[in-house]
Amino acid sequence: MYIDYTRNSSVRFDFDESELLETLVRETMKELECPFEVEVSVSIVDGEEIRGINNEFREIDSVTDVLSFPMNEFDVPGCFSGEVFSASKTLDPDTGELMLGDIVLCAEKVKSQAAEYGHSEKREYAFLIVHSLLHLSGYDHMTDDERQIMENYQRSILENLEILR
C-alpha cells in the first residue's frame with residue numbers, strides 16, 4: 001500500500017493523521033474485499049483551496065468538506081473485477097498497486113463539522129476519509145438505496161476501528 005499524503009493547511013488535529021489514514025485505507029479495502037494492494041493520494045487543504053478545486057471540477061463555487069477523484073470505473077460498486085473495471089483499471093507500473101485516485105480534504109471543515117455534530121475531530125476525519133475511499137471504489141449516494149449502502153459500510157468500518165460518535 002502506498003499513500004501519497006500532502007498537507008497544505010496550517011490547521012492541526014490532535015491525532016496522528018498519517019497513522020490513522022493508513023489504518024482507514026487498510027480497513028476499508030479489507031471490508032470491500034479488495035484483491036489489490038492500493039495506492040491513494042490524500043491532500044489536506046484549507047477552505048480557499050478546496051473552494052477553488054470544487055469550482056474548477058464541479059462548477060460549485062463554495063467550500064466543501066471533501067472531494068474524491070476516482071481513477072477507475074466499476075461495473076458494480078466495490079467489485080474489483082468485470083469488463084468496465086478491467087478496461088479502466090489503473091495499475092502503478094512500478095509497484096503493480098491499484099491506483100484508486102485522489103482525496104482532497106478540507107481541514108477547517110473537519111474541525112467545524114466535528115463541533116457541529118458533537119463528536120471528535122478524529123471521528124470526522126475518519127468518516128470523511130472512509131466516505132471518499134468508498135467513492136474511489138465506485139460507490140455513490142445519489143439514490144436512497146446507494147446512500148444506505150454507503151452508510152452501512154461507513155458505520156461498519158468505523159465501528160470495527162472503534163471510532164464512534
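Predicted model: local features only at pLDDT ≥ 70, side-chain atom pairs only at ≥ 80, totals over all residues.
Phe13 and Phe15 are both buried, where buried means under 20% relative accessible area, exposed means over 50%, and partly exposed covers what lies in between, with a 1.4 Å probe and protein chains only. Residues are numbered from 1 along each chain as its sequence is written, and side-chain values use heavy atoms, with hydrogens and water left out.

Back to the rings. A pair of aromatic rings is described by the distance of the centres and the angle of the planes. Here, rings of Phe, Tyr and Trp (for Trp, its six-membered ring) pair if their centres lie within 6.5 Å, and planes under 30 degrees apart count as stacked, over 60 as edge-to-face and the rest as tilted. The structure holds nine aromatic pairs. In one of them, the ring centres of Phe13 and Phe15 are 5.4 Å apart and the planes are at 10 degrees, so this pair is stacked. Elsewhere, Phe36, Phe74, Phe80 and Phe85 are linked into a cluster by ring pairs.

Now the core. A nonpolar core is a set of buried Ala, Val, Leu, Ile, Met, Phe, Trp, Tyr and Cys residues joined through side-chain atoms within 4.5 Å. The largest one has 37 residues, and those with the most contacts inside it are Leu24, Ile103, Leu105, Tyr125, Ile129 and Leu133. At least two residues of this core come from each of α1, β2 (38-45), β4 (98-106), α4 (107-117), α5 and α6, where helices (H or I, at least four residues) and strands (E, at least two) are DSSP runs numbered from the N terminus. Which helix supplies the largest share of this core? That is α5, with eight residues.

Let us follow α6, which spans residues 144-160, has 17 residues and reaches 24 Å from its first C-alpha to its last, close to the 24 Å expected at 1.5 Å a residue; the expected span is 1.5 Å times one less than the number of residues. Met150, Gln154, Ile157 and Leu158 are buried in α6, and, seen down the helix axis, the buried residues fall within an arc of 95 degrees, so they line one face of the helix; the arc is that of the directions from the axis to the C-beta atoms. These buried residues pack against α1 (17-31) and α5 (121-136), with contact meaning heavy atoms within 4.5 Å. On the face turned away from the buried side sit the exposed residues Asp144 and Asp145.

In the loop between α5 and α6 we find Tyr139, which is buried at a relative accessible area of 10%. Leaving aside residues up to four places away in sequence, Tyr139 touches Leu32, Pro77, Gly78, Leu134, Ile149, Met150 and Tyr153. The C-alpha atoms of Tyr139 and Gly78 are 6.8 Å apart, although 61 residues separate the two along the chain.

Finally, the backbone: most residues other than glycine have a negative phi, and most peptide bonds are trans.
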